[in-house]
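Work through the exercises below with the sequence and the model at hand. Each task is followed by its solution.

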Amino acid sequence: MALGVLTLCVNIVLMAVKITVGLVGNSYALVADGIESAGDIFSSLITWVGFQLSLRPPDDDHPFGHGKIESLAGVFSGAALLVAALVIGYHSILEIRTPHHAPAWFTLPVLLGVVIVKYVLSRVVGRLSESVDSRALEGDAWHHLSDAITSGAAAIGITIALIGGPGWEMADDWAALVACVIIIFNGCLIMKAALHEVLDGSVPTELSHEMRALAEEVEGVREIEKCRVRKSGIGIFIELHVRVDADISVRDGHSIGHEVKDHIRAKKPQVVDIVVHLEPYEECTGCNTDKVSLI
């Protein structure tokens, strides 16, 4: 949560700096960037609050936990990126159609400083999102990176305008439009991934194979007949169909099922729950067998 507070504070400072310098230095691209930072403040707040709420344990009303809040926060982050890109694009087009003076030279070092700060923040939040596999934090990382991209594009445009002189005043606005295309593309990717998790879409094949391999390490497991894995926020839920020797007792089968659960959860702490279905292992195929379910 400390990282979330840090990102909020940084966004507030950058918003004030960009809007002030943009107004004084005649750079609407910088002013629009500052306004977009105001949106980042709200977006980051929603993202980090949603992430913290998703970590709450299961209760009577939510027996499977609150992990979906994290995925929904990811959808919001992606949508906020799209809105920010559209707003910046709209105002950039207005500026292109409206004659104006070239930005002042001192707006350039401010933008370069913003690029450095926001890129560092995006990497820090991005590494955290990768470590916990969070769509919401991935979206927040992309918010910081998108800010770095738009600021970098504006810096390139201002440089062109300052070097080119009269007739090149709108270069930073065209650069902002190019940055908007990049932001829209990545916003769509984040929304797609988050919605995939909200709808209990399939996980990467590598993760399913890893769960199968871990279950097969337990003594008494003859084979894994079926493995279903789904994500809920940063948590993982698994349903396994485990085949064991047909002539063992129910007590022994029950013990093997719990060993499978304990072994997987010891190796993968992010696994929230595992449902193990026991099936008798037969040498022949197509045999009529009964199924026992352990939860």
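**Exercise 1: a helix pair**

Determine the handedness with which H3 passes H5, and the angle at which their axes cross.

Step 1. H3 passes H5 in a left-handed crossing (the near helix is turned anticlockwise from the far one by less than a right angle). The model is predicted: local features need pLDDT of at least 70, side-chain atom pairs count only at pLDDT 80 or more, and totals for chains, interfaces and linings use all residues. Residues are numbered from 1 along each chain as its sequence is written, and side-chain values use heavy atoms, with hydrogens and water left out.

Step 2. The axes of H3 (residues 68-97) and H5 (residues 135-164) cross at roughly 20° and come within 7 Å.

Step 3. H3 and H5 are therefore roughly parallel (angles under 35 degrees).

Step 4. Residues in contact (heavy atoms within 4.5 Å) include Ala73, Ser77 and Leu81 of H3 and Ala136, Trp142 and His143 of H5.

**Exercise 2: a glutamate**

Is glutamate 197 buried or exposed?

Step 1. Glutamate 197 lies in helix H6 (residues 171-198).

Step 2. Its relative accessibility is 7%, so glutamate 197 counts as buried (under 20% relative accessible area, 1.4 Å probe, protein chains only).

Step 3. Leaving out residues up to four places away in sequence, glutamate 197 touches Lys68, Glu70, Ser71, Arg135, Lys231 and Gly233.

Technical notes
Axes are lines fitted to C-alpha atoms, for helices over the stretch in contact, and angles run from 0 to 180 degrees between N-to-C directions. Helices (H or I, at least four residues) and strands (E, at least two) are DSSP runs, numbered from the N terminus. Angles under 35 degrees count as roughly parallel, over 145 as roughly antiparallel, 65 to 115 as roughly perpendicular and the rest as oblique. Buried means under 20% relative accessible area, exposed over 50%, partly exposed in between (1.4 Å probe, protein chains only).
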